[in-house]
Amino acid sequence: MNSTTAADGLPPTPGILLAGGLAQRLGGGDKPMRSIAGRTILERVIARLRPQCACLVLNANGDPARFAGCGLPVVADSLADFPGPLAGILAGLDWVAANRPDAGWMLSAAADCPFLPRDLVARLHEARARQTAQIAVAASAGQMHHVIGLWSVALREELRHALTAEGIRKVERWAARYRIATVTWPVEPLDPFFNANTTKDLAEAERLAVLDDG
């Protein structure tokens, strides 16, 4: 178990990094492998979340060898033909159930958010416990970031049914069925949930990296 997680008195919380996007606005390829100020986005995400999580897993489809350098297990979507982050969340929940049966909660995070909060897991756990919620989701600037959240592993079969039998695709649509705790972070000096979707965003990320001390 990660020592920081244990020391903070939080439940063991594996993290799934969602890297399934096609990065079409960046010309294709794996967006998390783009560099910002000398480090890949994925390296920054791992560095930010490793101290907060019991372990980390990367959700990505295709040849996993392209992520060999990150040192993380790579799991593909556990259901075929279900592109999108909801299928990635299910893949993560399946991995946790099989490999970390001691964990009742899983963090999901977008693998293209290089400035994630250092208190992400702690604040999400605090909010879901206080509100007796089954899901806790991050927010900033008046927007909920549904792919960055804490999920009860007990929901995984209900999620599988929603994907396979109901055709649910959007994370927010499925999550709305449950009690959700929302935790808001400030956007100064930077929005911790900034993600790079375009070449212009990559240039902005270079500027923000100077403000970010991690």
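Is Phe193 buried or exposed? Phe193 is buried, at a relative accessible area of 5%. Buried means under 20% relative accessible area, exposed over 50%, and partly exposed in between (1.4 Å probe, protein chains only).

1. Basis. This is a predicted model, where local features need pLDDT of at least 70, side-chain atom pairs count only at pLDDT 80 or more, and totals for chains, interfaces and linings use all residues. Residues are numbered from 1 along each chain as its sequence is written, and side-chain values use heavy atoms, without hydrogens and water.

2. Aromatic pairs. Rings of Phe, Tyr and Trp (its six-membered ring) pair if their centres lie within 6.5 Å; planes under 30 degrees apart count as stacked, over 60 as edge-to-face, and the rest as tilted.

3. Phe115 and Phe194. This pair is tilted, with 6.2 Å centre to centre and 35° between the planes. The two residues are 79 apart and link distant parts of the chain. Phe115 lies in the loop between β6 (105-110) and α4 (120-130). Phe194 lies in the loop between β9 (180-184) and α7 (199-211). Helices (H or I, at least four residues) and strands (E, at least two) are DSSP runs, numbered from the N terminus. Phe115 counts as buried because its relative accessibility is 2%. Phe194 is buried too, at 15%.

4. Trp185 and Phe193. Here the pair is edge-to-face: 5.5 Å centre to centre, 80° between the planes. Trp185 has 6% relative accessibility, so it counts as buried.

5. A cluster. Trp151, Trp174 and Tyr178 form one aromatic cluster.
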